[in-house]
Amino acid sequence: MTKKYDAIVIGAGHNGLTNGAYLAKAGLNTLMVEKNEHIGGATTSLPRYKDDWIYSNCSYVCSLLRPEVYRSLNLAKYGLQVVPYGGAVTIAENGDYIGSYVDPDKARREVARHSHRDADATARFDRDIMRQCRFIRQFLLRTPPDPTSFKPRDLLEMMYMGKEALKLGEDLIYDTMRFYTMSISDFLDEYFENPLVKASHSGSGIIGSALGVMSPGTAYILLHHAMGDVDGSMGAWGFARGGMGAISKAMYDCFTDYGGETLTGNGVDQIIVKNGRAVGVALENGDEHYADVIVSNMTLPRTFLECMDPKDLDPGFLKKVKNFKIRGSSGKINIALDGVPKFTALPENSELARGDMHLIDSTERLERAYDDWKDGIWSQDPYIDMLIPSLTDPTMTPPGKHFMSLFVQYVPPRIKGKDWTDQQVQQFADTVINQIEEYAPGFKDLILHMEVRTPRELENEVGLTEGNIFQGELTLDQLLFNRPIPGYAQYRGPVKGMYMCGSSTAPGGGVMSAPGANAAREILGDLNKTNTVPEGWLDD
Amino acid sequence: MRTVNFSSDHYKDAVFPSPFHSRQKQHNQLKEWTRWADYLSVPAYWCADMEYFSGRNACGVFDITPMVKHLVTGPDALPYLNRLMTRDVSKIKPGRVGYSVWCNEAGRVIDDGTIFHLREGVYRICSQEHQIDWFMTNMLGFDVEITEDTHDVAGLAVQGPTSCAILKDMGLEGIENLTPFGLTYFDFEGTELMVSRTGFTGDLGYELFIDPDYAEVLWDRLFAAGELRGIKAMGSEALDLLRIEAGFILAGVDFLPAMEAVRPTHTRSPFELGLGWLVSFDKGVFNGRQALLEEKEKGSRYNLVKLDIDGNKPAKDSFVYVKGGKKIAGTVTSAMWSPSAKASIALASLEAPLGQPGEEFEVEIYYQRELKWSRVMAPARVVKDVFWNPPRRRQTPPADF
Ligand SMILES: Cc1cc2nc3c(=O)[nH]c(=O)nc-3n(C[C@H](O)[C@H](O)[C@H](O)COP(=O)(O)OP(=O)(O)OC[C@H]3O[C@@H](n4cnc5c(N)ncnc54)[C@H](O)[C@@H]3O)c2cc1C
């Protein structure tokens, strides 16, 4: 007779771990089932080259992680340390560059170097972004209301949202609609005149998205990247010391301390449903485990199209799941470097090299990168978010050696409709490496090892459907009470006892922990257990 | 450092020496520097309280180079400025200076500053915040040219009762005839020196503007001329005391500039800052006019008032209560013990309609004596007049103090 659990969480991604930790904290006997030998999902630090050389294999920078979760799960005690890094730089093909300095006056002068007017406009731009972020942030740790429901709780939540919006003045309401529907390129045109200034802001509008800078909806994606903070400094990003895996490890240790159990190396094959109720999971190796509550950290399609029997589900529901937009568009290359590459455009030892580096001149160039994706090939002139975390974090590589993280847009889930071949994966890496070599001659000679991940690898290894990094596109049709799909935004699945807690659910992707925490609150509420999930910290 | 074409090397330093730096350094006994925008600025040269007294008793010199400066020219300069500013700019004749605020469409103050009508149709606007984007946004339909020339003009405020005598001794012939808010030009060492009878101290005083290449020689001649009349370099801490006594408000301290406001409700209209006299409804359309008309009808949300507080303790960061100490009326925005008025004074933002002249409140003051903290509820009343307003401020020619 197998042991019966109070809850089983499928997938030990950071959201699954967060969810499990809160359930275990509330005293639930919780089992975590992870298909990989390691935990963390898209939040890992695995050595791929040498033992003393770690990569942040998928996600690589941290800002969205809810500070309320950080604190209430005692992640600091479990060794998590997030170190902010400063700045960013966008390097143009003609050798010019625009840096984003931490120092406000330096930052302003640097923009003024390109356009005096844009230097002032930056203040207005930052303010408007900050206004929106302040507004969104307060909803991150709240369950979205169902606008069609007449339940008091949904009505109250709708009223709360309205009230908060009104508090900030009518302009904000107009702006909000625009933010959610405009393209990042149009949006930037409203503030700036200089192409390089615009280019420097445009990347965050398309990271992880299968949309171009000129596609409506991309302005919001920029917000999604700006709404986090490091120690209250909004919009700042940091490195998790020891790589992103330090986050999942701290959560795992917390979960384990609360008595949670974990099985790795065996994925869930089927969610067992009896009499319209989820009762357990059947693993790939045939083992079965039972529980009152089954929580899926997997993507929406993986959960319902791969791990459930369609006969247990409503066809209308399944159709919505099939229509869920989760198109892969990103690749990741992790590189072990023998030294620091020298970018021709940048001054020696520039502090800018410690932040995000981008090789782009204009939004038009970025849009052309997207055209290739639509054609079913990787961008021949890709957009790269390039970082050298080891310049800040001494724990990742031996001294003097470096880890370089390359996040690449756009990379399609299939090449011209066919599966990626190993040769194509290599060609994709060459495209990226060659581009960097142009800006940093000699770069190639520094490469000691590479881990190349296209959407194929992201899907196979991490379980991200089509390789979409956010477990589903972040556009208005799939946000708020429409995430993941209308009618299912409150973390409950279509069968009783079943819940969802991954980035497919509200408020969406990124290493944020909000979906996992929100789902835990709903589960504990349904079970009449004491809530262990903290409320969001309000900022007045 | 010049305005356009910052070299790509600018990043090597976060902050730059002002054109007066070499001279400031000689006077800066405390060796402390702060930042004012792009420049190094001196908080206090030797003792802030003493420097304050040079400003009230003799002459204090303060470097105002970092102030943001814009030049507005072109056939439509006046109608443009009238569109931008709340006050009627046509009243500022050539050779005159006027204080003004400018608002966004919601009637909230973006910044305050001074408009120098340098020559017929040529204006300089000095402000605390960078404004070029907003100023250019407003150019539409006007034939004007706007440039920022912050770094192309060095400036010194020369303030205090002996300031006129010193400038006269420095060779500025006829300076004594300059009336308050007047400006004039002198030939100085082969370049043009612009002098206005303006300042941020509410006292007799002047502001001097010159090509940065001549900054050091200007300083030297000024201090040579003032040696026997008590001239002293003065830091920003002393200036802050002087301006509170004079009832002048400071962007970012007494009000939040609307362009920076993440929380739009935290901004203020001119009426809410006690600057209704700067709003001219009869001059035609200007930014914020509609909203300000509505506010005039419906009433404002706040009153910025001057408080005279009993006792001797400065009411820094204090809450102001309605008498009885239960209901909060507002907060203090600037406060000090005023050596010239011999009173504890403050500027405070109170919820309208509270804050009528003569109205009484209680101010909650935390103070410390040898590390022991105490709290007092000090009675306070709203006063109408500024705390320091000597006749010499207006007198032309000023007496030879
Ligand atoms: C390349 C890349 C770069 C990124 N960069 C950043 C970044 O820098 N900053 C940031 O904030 N976000 C970043 N993201 C997004 C962020 O990493 C993800 O949104 C987030 O980590 C998803 O977490 P999750 O817990 O919701 O899901 P996942 O991490 O996807 O976890 C799901 C887990 O379920 C497991 N699983 C799947 N199927 C089964 C099964 N059948 N049985 C058992 N287990 C199963 C998976 O192995 C995985 O561990 C990036 C993502 C990627 C892919």
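**Close-up views of a predicted two-chain model**

**View 1. Helices H2 and H7 of chain B cross in a right-handed sense.** In this view H2(B) passes H7(B) in a right-handed crossing, a crossing being right-handed if the near helix is turned clockwise from the far one by less than a right angle, and left-handed if anticlockwise. This is a predicted model, in which local features need pLDDT of at least 70 and side-chain atom pairs count only at pLDDT 80 or more, while totals for chains, interfaces and linings use all residues. Residues are numbered from 1 along each chain as its sequence is written, chains are lettered from A and ligands numbered from 1 in the order in which they are written, and side-chain values use heavy atoms, with hydrogens and water left out. Helices (H or I, at least four residues) and strands (E, at least two) are DSSP runs, numbered from the N terminus. The axes of H2 (residues 48–57) and H7 (residues 236–245) of chain B come within 8 Å and cross at roughly 50 degrees, where axes are lines fitted to C-alpha atoms, for helices over the stretch in contact, and angles run from 0 to 180 degrees between N-to-C directions. That angle makes H2(B) oblique to H7(B), since angles under 35 degrees count as roughly parallel, over 145 as roughly antiparallel, 65 to 115 as roughly perpendicular and the rest as oblique.

**View 2. Six strands of chain B form an open sheet.** The strands follow the order E10-E11-E12-E9-E3-E13, and their pairing is mixed; two strands pair if DSSP finds at least two bridges between them. At the edges lie E10 (183–188) and E13 (231–233) of chain B, each of which pairs on one side only. The twist averages 25 degrees from one strand to the next. E10(B) and E11 (residues 191–196) of chain B pair in the antiparallel sense over six bridges, and B:Phe186 has B:Leu193 in E11(B) as its bridge partner.

**View 3. Helices H3 and H4 of chain A pack at an angle of about 140 degrees.** The axes of H3 (residues 104–114) and H4 (residues 116–137) of chain A are 5 Å apart, and the two helices are therefore oblique to each other. H3(A) passes H4(A) in a right-handed crossing. In the contact (heavy atoms within 4.5 Å), A:Arg108, A:Val111, A:Ala112 and A:His114 of H3(A) meet A:His116, A:Asp118, A:Ala119 and A:Thr122 of H4(A).
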